[in-house]
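Reader: Please go through this model with me, residue by residue where that helps. I would like each reply to end on the value or name I ask for.

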Amino acid sequence: MGRGIRAGPRRDRAHDSQEIFDRWPSDAVQCKPLEVVVSDRGIERAIKMLKRKLASEGVLRELKMRRHYMKPSVKRRKKQAEAARRRRKRAKLDAAPPKG
């Protein structure tokens, strides 16, 4: 008898999305802008600097990863492999004799 009738107050999607944003930590929503000043050296130099900044921030790696869906198990294995690679690299640098 009352199948099509919704009980309680009606909520629209815009309200729900704002509620989600209110629950997130404030630092997750805010982004640090990347700025590159174009000087008399030319636009090519500015583009090169922008690419370098994007690479150092990890934006390009993030875009590459998000191009395709990765299962959580695969993501976890990749993360562990990356951590192991960093540990091996750090151990190799620590074991190397100092230059000089």
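Reader: Is Leu 34 buried, partly exposed or exposed?
Author: This is a predicted model, in which local features need pLDDT of at least 70, side-chain atom pairs count only at pLDDT 80 or more, and totals for chains, interfaces and linings use all residues. Residues are numbered from 1 along each chain as its sequence is written, and side-chain values use heavy atoms, with hydrogens and water left out. Buried means under 20% relative accessible area, exposed over 50%, and partly exposed in between (1.4 Å probe, protein chains only). Leu 34 has a relative accessible area of 32%, so the class is partly exposed.

Reader: Where is Leu 34 found?
Author: Helices (H or I, at least four residues) and strands (E, at least two) are DSSP runs, numbered from the N terminus. Leu 34 is found in the loop between helix 2 (26–29) and helix 3.

Reader: Which residues form the nonpolar patch on the surface?
Author: Patches are made of residues with over 30% relative accessible area and no salt bridge, where like charges are joined within 9 Å and nonpolar side chains (Val, Leu, Ile, Met, Phe, Trp, Tyr) within 5 Å. Accessible areas come from the Shrake-Rupley method with a 1.4 Å probe, and for residues only the protein chains shown count as cover. The nonpolar patch has about 380 Å² of accessible area together, and its members are Leu 34, Leu 50, Val 59, Leu 60 and Leu 63.

Reader: Which residues gather in the patch of positive charge?
Author: Lys and Arg count as positive and Asp and Glu as negative, while His and the chain ends are not counted. The place of a charge is taken as NZ of Lys, CZ of Arg, CG of Asp or CD of Glu. The surface patch of positive charge is made of Arg 41, Arg 45, Lys 48 and Arg 52.

Reader: What is the relative accessible area of Arg 52?
Author: Arg 52 is found in helix 3 (residues 43–57). Arg 52 counts as exposed, because its relative accessible area is 53%.

Reader: Which residues are linked with Glu 82 in a network of salt bridges?
Author: A salt bridge is a side-chain nitrogen of Lys or Arg within 4 Å of a carboxyl oxygen of Asp or Glu. Glu 82 meets Arg 61 at 4.0 Å, N to O; Glu 82 lies in helix 5 and Arg 61 in helix 4, so this pair ties together parts that are 21 residues apart in sequence. Glu 82 also meets Arg 85 at 2.7 Å, N to O, and these two both lie in helix 5, three residues apart. The residues linked with Glu 82 in the network are Arg 61 and Arg 85.

Reader: What is the N to O distance between Glu 62 and Arg 66?
Author: Glu 62 and Arg 66 both lie in helix 4, four residues apart, about one turn of the helix. An α-helix has 3.6 residues a turn, so residues three or four places apart point the same way. The side chains of Glu 62 and Arg 66 form a salt bridge, with an N to O distance of 2.6 Å.

Reader: How many residues of helix 5 are buried?
Author: Helix 5 (residues 72–95) has 24 residues. The helix is hardly covered, and its count of buried residues is one.

Reader: What share of the chain counts as buried?
Author: The chain has five helices and zero strands. Of its 100 residues, the share that counts as buried is 3%.

Key: Expected span 1.5 Å × (residues − 1).
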